[in-house]
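I am opening this notebook to record what I looked up in one structure, in the order in which I looked. The sequence and the structure come first, and my entries follow.

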Amino acid sequence: MAGRDELKLLGHWASAYVTRVKLALHLKGVSYEYVEEDLRNKSDLLLASNPVHKTVPVLIHNGNPIRESQIIVQYIDEVFSGAGNFLLPADPYERAVARFWAAYIDDKLVAPWKKVFRAKTEEERTAWMKQMFVAVDVLEGGLKECSKGKGCFFGGDSVGYVDVMLGGAVSFVHANDVITGGKLFDAAKTPLLAAWLERFGELDAAKAVLQDVDRAVEHTKVQYARNAATAANN
């Protein structure tokens, strides 16, 4: 990073979206200042930097705020193109495929996952969990497509854009397994994703930024309890 560049990341430790940005920055070897936000008492800087959604992550580069994790990661890849490997493929078609699967992860896996937390009944929670498992089955094919059958990473032999998008949730995949007693990425059903999960967790960048699983478990339990209490009072 050039000496004149100043990077500040506004985030929250439990946000998988923030973890995506941390992963991208570490994979690129880019230095930055991290600011932990209290999401119940958001800072003036966060509110001024993201007045539309008022959410993290926000990356502030030389005073200019960039918002939304997918956009931020692409921005990092473009602006710091000389640092580390490219996250997005050079080929336009392969780049489009990567963006498709990144969008799929958010729309078909992350979206129902959020609704699992907000479910008012066990029946609703089970229905959203089923949608998650369907998405994981499809994503197994996405990994095979993006890796050209190798199954190493979505980026092929090295970590790419889709790996970062999914990688942000790795600690909470493990936390989900602990809480439910099952496997979201089951080696018997989705062997490529199960192997990917272990392989990704061994990356230096992952070890540097992924949340502690025990802490993620406790956070998830608190979220379940809080939403259950809210549902009971409605």
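The entries below go from the domains to the core, then to one helix and the cysteines.

**Entry 1, domains.** I kept in mind throughout that this is a predicted model. I began with the domain assignment, which gives domain 1 (7-80) and domain 2 (92-226). I looked up the C-alpha centres of domain 1 and domain 2 and found them 21 Å apart, with 17 residues from domain 1 and 26 residues from domain 2 taking part in the contact. I then turned to UniProt, where an unreviewed entry places the feature "domain: GST N-terminal" at residues 5-84. Over residues 5-84 I noted 38% helix and 21% strand, with the end C-alpha atoms 17 Å apart.

Which residues have the most contacts inside the largest nonpolar core? I found that this core has 69 residues, and that those with the most contacts inside it are Leu-139, Phe-154, Leu-166, Phe-185, Trp-196 and Phe-200. Helix α4 (residues 92-118) gives the most to this core, with 11 residues, and the core draws at least three residues from each of domain 1 (7-80) and domain 2 (92-226). I set beside this a general remark, that nonpolar side chains in soluble globular proteins tend to be buried together.

I checked the span of helix α5 (residues 122-146): at 1.5 Å a residue its 25 residues should span 36 Å, and the end C-alpha atoms are 35 Å apart, which agrees. Just after α5, I noted that Lys-148 takes a positive phi of about 55 degrees.

How many disulfides does a search of the whole structure find? The search finds zero. I recalled that a disulfide is a covalent bond between the sulfur atoms of two cysteines, and I therefore looked up the sulfur of Cys-146, whose closest cysteine sulfur, in Cys-152, is 13 Å away and too far for a bond. For a disulfide the two sulfur atoms would have to lie within 2.5 Å. Buried or partly exposed, I asked of Cys-152? With 23% relative accessibility, Cys-152 counts as partly exposed, whereas Cys-146 is buried, with a relative accessible area of 12%.

Definitions and conventions
Residues are numbered from 1 along each chain as its sequence is written. This is a predicted model: local features need pLDDT of at least 70, side-chain atom pairs count only at pLDDT 80 or more; totals for chains, interfaces and linings use all residues. Side-chain values use heavy atoms; hydrogens and water are left out. Helices (H or I, at least four residues) and strands (E, at least two) are DSSP runs, numbered from the N terminus. The expected span of a helix is 1.5 Å times one less than its number of residues. A nonpolar core is a set of buried Ala, Val, Leu, Ile, Met, Phe, Trp, Tyr and Cys residues joined through side-chain atoms within 4.5 Å. Buried means under 20% relative accessible area, exposed over 50%, partly exposed in between (1.4 Å probe, protein chains only). Domain bounds come from an automatic or database domain assignment. UniProt positions are given in the numbering used here, feature names are shortened, and annotations may be inferred rather than shown by experiment. Contact means heavy atoms within 4.5 Å.
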